[in-house]
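These are my notebook entries on a single protein. I set down what I looked up, in order.

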Amino acid sequence: MSNAKERKHAKKMRNQPTNVTLSSGFVADRSIKHHNGGGKPFQVQKQEPHSGTSRQRQTKMMPHTQPEPNMNEQSSSKLTFKKKGGWKAGPDGTSQEIPKYITASTFAQARAAEISAMLKAVTQKSSNSLVFQTLPRHMRRRAMSHNVKRLPRRLQEMAQKEAEKAVHQKKEHSKNKCHKARRCHINRTQEFNRRQRKNIWLETHIWHAKRFHMVKRWGYCLGERPTVKSHRACYRAMTNRCLLQDLSYYCCLELKGKEEEILKALSQMCSIDTGLTFAAVHCLSGKRQGSLVLYRANKYPREMLGPITFIWKSEGTPCGTSENRQLWIWLHPTLKQDILEEIKSVCQCLEPIRSTVGLPNPLPTLFQEKSQTEMTDEKIGKKRKRRDDEEIAKPIKKIIGDGTRDPCQPYSWISPNTGITISDLTMEMNRFRLIGPLSHSILTEALKAASVHMGEEALEEIPHRWWIDVCRNTDSVSLHRRQEAIFELLGGVTSPAEIPAGTILGLTVGDPRINLPQKRSEALSNPEKCQDNEQVRQLLLEGVPVECAHSFIWNQEICKSVTENKILDQDLNRMRSELLVPGSQLVLGPHESRIPILLIQQPGKVTGEDRLGWGSGWDVLLPKGWGMAFWIPFIYRGARVGGLKEGLVHSQYKRAPAIPADFPDCPAGALFAEEQAKNLLEKYKRRPPAKRPNYVKLGTLAPFFCPWELLTQDWESRVWAQKGSSLEASPSGEKSDLRRCEVPHASTPEQPPQPSAEAVTSVTMESEVLDTECQDQPGTESVMDQDASENHVAATSSQLCVLRSRKFLKQLSTWCGPRSEDRRAARWGPGRGQQGLTRETCLVFVDHFPRALVWVSLSLLRRGSPEPHSMICVPAEEDLLQLSQDPQYCGPQEPRHNDPFKSVILKQKEKKKMEKRQNRGCAASKGLVAGPPEARQEAPTLGLWSGTLPGLTSHCSRALLGFVTQGDFSMAVGCGEALGFVSVTGLLDLLSSQPAAERGLVLLRPPASLQYRFARIAIEV
């Protein structure tokens, strides 16, 4: 008997009683015994000659000999029971005879036992499935699990018994915990604190985690995009309503010291050529927020560190002096480490301050956490009585701020020479951004100015003593009244773009949770406040006065008191439930929290000539611990929440570079490009070769990254080659040509010739504005010496940089685009000495910035949607000719390239297959020895260019000019728009070779396409 038959026989006999024996299809005991119906063996006796009487009930049979009259019965029985598992033939081919007589009582007992066993097997389940799960699939219904009447009637009784039995099998619920609390961790706060070790959570993290796709980036856990489809809805919110973002992950560096010392130190890291500096008049007074780009000390225009925004503490404080100033520098977390080290170097703040004041409570150590979990998880799953120790035990505090800080690591530094103190205030404040025309309306609806304390209650009973001290000062009360009046005027302004850019307004507000509406509503602007109001007109023209920019948020002691004395949500809800009239206003009086905040106006789109002011809004600075208390009221007033993706869309529609992706000349931008290329390459390799594009055949050398260094080097070599060919014919240019060709990548300090000075004087733009807005102080004398900058540029001309000089950018912007060239020339040209696009002016740019990039915006002429890493190319003459003849001409196509690596890769694959077949029988040790050399050699990928890249500019039929970093269909203009960088040398070569009517036309080609499309290039300043 095979194993399968044995298992089948055992399955049949599983629920049978011991006195029942079924045939197993073979004769296990090859004896001469036959079983009766009752399981008793028949006695084998010798056959007597005179047997056969009616009284004799026993049969007499021989073991292997059968009587002749029973041959037919034997054959019939043999045929009948052969396939049914009944009586089978014996070992010698003979069959056994069925008994002629049986005992009725014994036979009935045996059948009764079999019937009872059958009923037991039918009624008793042999599996864990329920009754409705035993039905065929076409008869099952979803409601059968809870509704017995959905089952067939023959099974309803059994299902009812199962349902009643399941109720008794449920575990007894704990009476002191609800269902939601039993599912959570035993100590939720401790669990949340543990999960913030590697990636910091914002105060709005739990709210975002329920509604957003979360990503771990820059050491934080941030919301990337909403889980619902909201791309168009977020754009409408930015355009017509309000979009809310949490920017609390931005870092803040605080500088304290004398104003002259701070300006003298920081002037080495910026240049007046790029715009306003730390010494701008409006910014220095604390009235406006400034923005600039920082470089390493005296390294402009190269070695850029990143963009920042800064705020000076207002001078018009009631108890402040102009000697000791306070400066906040806000920057992206990827730029923090480099900028902090450079600021410490220029300020000579190398001595750390070992102080724990203001630092958040650190996370418990691993040993402490284990001891706590052992005590709490001692008897998990068992009902235990509440011990007295648990009531007295100190509760674990929620981490507020940067909870991953090491208490032994310093976060403040002081300089013994200059007296400057640098403090890292990262995560010590919340920063929310409201974008859209209704942002100020939401602010005025959600926030109410704090009421002035006029009573004489006992100070011991009031937690907010600092506000009582403020209210005792009449000057502070009058200033608070002025700030409240200006804040109320914001509700009637149509758009935040009407207010001067970077306006700062300080304010102290009450608890916004008290004014929370019962239902979500939408705040609207009230234009009636703006009609015939002289105060509103003065606010729109001059902005907020300097005195009203003061806020108590600059005082760390007050912020700490506000955070510690915050009323809990459960206490606030308990007070609401105790009101006599449900839904009425909750009045806390002097016990209400007073929160100092700072409102900063964001200008939105400030470059170009179209859609100026789009994306403007307000930034709100709050003390830590109050994030959700302000977040929910903003949402209840109609604000829509966006994530990192919406922030990128906002910067793209403003045509502003995103941080850090669009800063290729800073360390953070280079690191971001490497990580992005790595992720895209892994994603590309996960797809099979037949389902991914072959970039070698498409002529795309770098589909996942932008080789800026190689691009600028190629254009520099091309221009030098053109110079050499043009100067060979003129005898006067031999000396200069030889002089320049000797050092093609690094010129001598004597090289900057007279044309550079002429160009600087000819393209001076807005020098009067810069002189009036920059204050002449001893600390600003060393902003940038012209000779030192020229020497440094000449010495480091081989390094990559981005052109950010406003003079040169405005000159390039004038040359690009025929549509606005006449208007710009009429606007800037006559009084400013603008020059046309000549060979000499192009040489000035090449001499100063031989390997420079410039930020450009591109707009497609026809259909098409640009993608990141798309190639910006120079159109040929026949392309422009065909476009002039046919306005509907889309663009040329790139001919398909050959793949020289395909045969090599296929041969390598075949070789590996042969080696595997040969090494199948080899020992494991030989395989280990042969493994490392193969691992060292990086295998080429089919579809990608392997090895060093050839010449970028001449690899395709159209010369490469630059790359796109942001690109998509723009809902603001109704066509495809792109942002990227192009080589300054290549751009000048393009503009000088094109006619004036077609100047600024370029070609765009996505990495996975052969189709070129026309686009117009523009430089917005």
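What does the accessible surface of the protein come to, and what share of it belongs to carbon and sulfur atoms? I noted that the model is predicted, and I found a computed accessible surface of about 56,400 Å². Carbon and sulfur atoms hold 52% of this area.

Overall make-up. I counted 35 helices and 23 strands in the protein. Of its 1021 residues, 44% count as buried. I then took the contacts with a separation of 6 or more, and 78% of them join residues 24 or more positions apart.

Largest nonpolar core. I found 59 residues in the largest nonpolar core, where Val854 and Leu858 touch the most other members. Strand β18, residues 852–860, gives the most to this core, with seven residues. I listed the contacts of Leu858, leaving out residues up to four places away in sequence: Ile872, Gly976, Glu977, Ala978, Val1002, Leu1004, Ala1015, Arg1016 and Ile1017. In soluble globular proteins, nonpolar side chains tend to be buried together.

Helix α18. Which residues of helix α18 are buried? Within residues 556–564, I recorded Ile558, Cys559, Ser561, Val562 and Thr563. Finally I looked at the start of α18, where a side-chain oxygen of Asn555 comes to within 3.1 Å of the backbone nitrogen of Glu557.

Conventions
Residues numbered from 1 in each chain as written. Predicted model: local features only at pLDDT ≥ 70, side-chain atom pairs only at ≥ 80, totals over all residues. Heavy atoms only, no water. Helix = DSSP H or I, 4+ residues; strand = E, 2+ residues; numbered from the N terminus. Buried < 20%, exposed > 50% of the residue type's maximum accessible area, 1.4 Å probe, protein only. Contact = heavy atoms within 4.5 Å. Areas by Shrake-Rupley, 256 points an atom, 1.4 Å probe, with all protein chains shown as cover. Polar contact = N/O pair within 3.5 Å; in protein donor to acceptor, adjacent residues only side chain to side chain. Core = buried A, V, L, I, M, F, W, Y, C linked by side-chain atoms within 4.5 Å.
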